[in-house]
Amino acid sequence: MSTLTSLLAGLVFGLGLVISGMTNPAKVLGFLDIFGRWDPAMAFVMAGALLVGTIAFHVAGKRTRAILGAPISLPTARDIDRRLVLGSLAFGIGWGLAGYCPGPVITSLATGGGKPWIFFVAMLAGMAIFELFERRKA
Amino acid sequence: MSAYYAPLIGGIMIGLGAAMLLLLNGRIAGISGILGGLLGQAFARQPGSGSDAGWRIAFLAGLVAAPLLYGIFIALPAAQVDASVGTLVVAGLMVGLGTRYASGCTSGHGICGLSRFSPRSLAATVTFMAAGFATVAVVRGLP
């Protein structure tokens with residue numbers, strides 16, 4: 001049951017990415033081009049998502065368990081450290097270079113041709129490098 | 001104004017997807033974390049450690065299937081990728097590494113984190129947005 005609801009949640013999330021225009025890198029880069037010909041459309045995506053998200057997290061905050069019974073697992077990290085800032089910097093530069101972030105590129109895999117795959121495989125490689133570094137440290 | 005209806009409706013649906021995963025499954029819809037967690041489990045491979053790969057794979061499958069379902073009813077909106085193969089490789093590597101070190105991306109920090117008023121996610125979101133603005137400004141030439 002929890003696998004089915006997760007699939008449905010992914011489907012709704014993915015449909016939102018398609019409808020919003022987030023799966024179009026040119027549109028995303030137009031939003032990031034604030035010093036040039038800025039296209040504010042993607043700010044409306046954020047507004048819509050935060051509107052629903054804020055309500056959902058408010059409701060979740062009053063519960064200890066999800067509707068299907070699993071505990072609600074929220075992130076516990078609170079510190080704003082070097083890893084967070086440098087990681088976000090690298091992510092933002094990559095996002096600004098290609099116009100893809102993780103959700104939209106995965107949503108483009110079946111229908112977007114070869115380019116999303118190139119980005120996706122490179123992204124997996126980046127995540128794998130992170131795992132290797134973390135494991136060597138441990 | 002009508003140009004902003006689709007982004008707004010799409011955004012609301014993104015929020016709904018995140019709300020479903022949170023309230024039904026108790027999980028955060030952070031895409032880099034869902035995918036990276038899967039990858040981490042593949043690297044760990046310790047027998048007996050409780051694997052939670054099922055919901056992760058299901059959510060990602062939903063993302064992949066979404067445009068296929070959409071395309072049955074309506075023609076998919078155009079997607080234009082201007083980046084070269086080399087740029088895509090560099091950008092992909094940076095997004096993969098960066099989101100894992102930062103423990104989140106546009107969805108995990110930008111949507112879920114801001115929705116629960118996390119100062120840590122606000123710091124991450126401000127940082128990656130600023131980096132995105134600066135990168136596009138440099139690539140397209142400063143005014």
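Helices (H or I, at least four residues) and strands (E, at least two) are DSSP runs, numbered from the N terminus. This is a predicted model: local features need pLDDT of at least 70, side-chain atom pairs count only at pLDDT 80 or more, and totals for chains, interfaces and linings use all residues. Residues are numbered from 1 along each chain as its sequence is written, chains are lettered from A and ligands numbered from 1 in the order in which they are written, and side-chain values use heavy atoms, with hydrogens and water left out.

**Stop 1: chain B**

Select chain B. Count 6 helices and 0 strands. Along the sequence the pattern is α-α-α-α-α-α. Its C-alpha atoms fill a box of roughly 55 × 35 × 35 Å along the principal axes. Of its 143 residues, 52% are buried. Buried means under 20% relative accessible area, exposed over 50%, partly exposed in between (1.4 Å probe, protein chains only).

**Stop 2: H3 of chain B**

Now select residues 53–73 of chain B, helix H3. These 21 residues reach 31 Å from first C-alpha to last, close to the 30 Å expected at 1.5 Å a residue. That expected span is 1.5 Å times one less than the number of residues.

Where does H3(B) bend? Go to B:Ala65: the bend there is about 35 degrees, and B:Pro67 follows within four residues. The bend is the angle between axes fitted to the seven residues ending at a position and the seven starting there.

Colour the buried residues of H3(B), among them B:Trp55, B:Phe59, B:Leu63 and B:Tyr70. Their cover includes H1 (2–20) and H5 of chain A, plus H1 (5–25) and H2 (31–44) of chain B.

**Stop 3: the cores**

A nonpolar core is a set of buried Ala, Val, Leu, Ile, Met, Phe, Trp, Tyr and Cys residues joined through side-chain atoms within 4.5 Å. The largest has 59 residues. Select A:Phe13, A:Ile106, A:Phe119 and B:Phe59, which touch the most other members. Helix H3 of chain A (residues 41–61) gives the largest share of this core, 8 residues. Another core, of 7 residues, lies apart from it and includes A:Leu11, A:Val12, B:Met13 and B:Tyr70.

Zoom in on A:Ile106. Beyond its neighbours within four places in sequence, its contacts (heavy atoms within 4.5 Å) are A:Phe120, B:Ile31, B:Leu35, B:Leu60, B:Leu63 and B:Val64.

**Stop 4: A:Ser108**

Finish at A:Ser108, in the loop between H5 (102–107) and H6 (115–137) of chain A. Is A:Ser108 buried or exposed? It counts as buried because its relative accessibility is 4%. Leaving aside neighbours within four places in sequence, A:Ser108 contacts A:Thr23, A:Tyr100 and A:Pro116.
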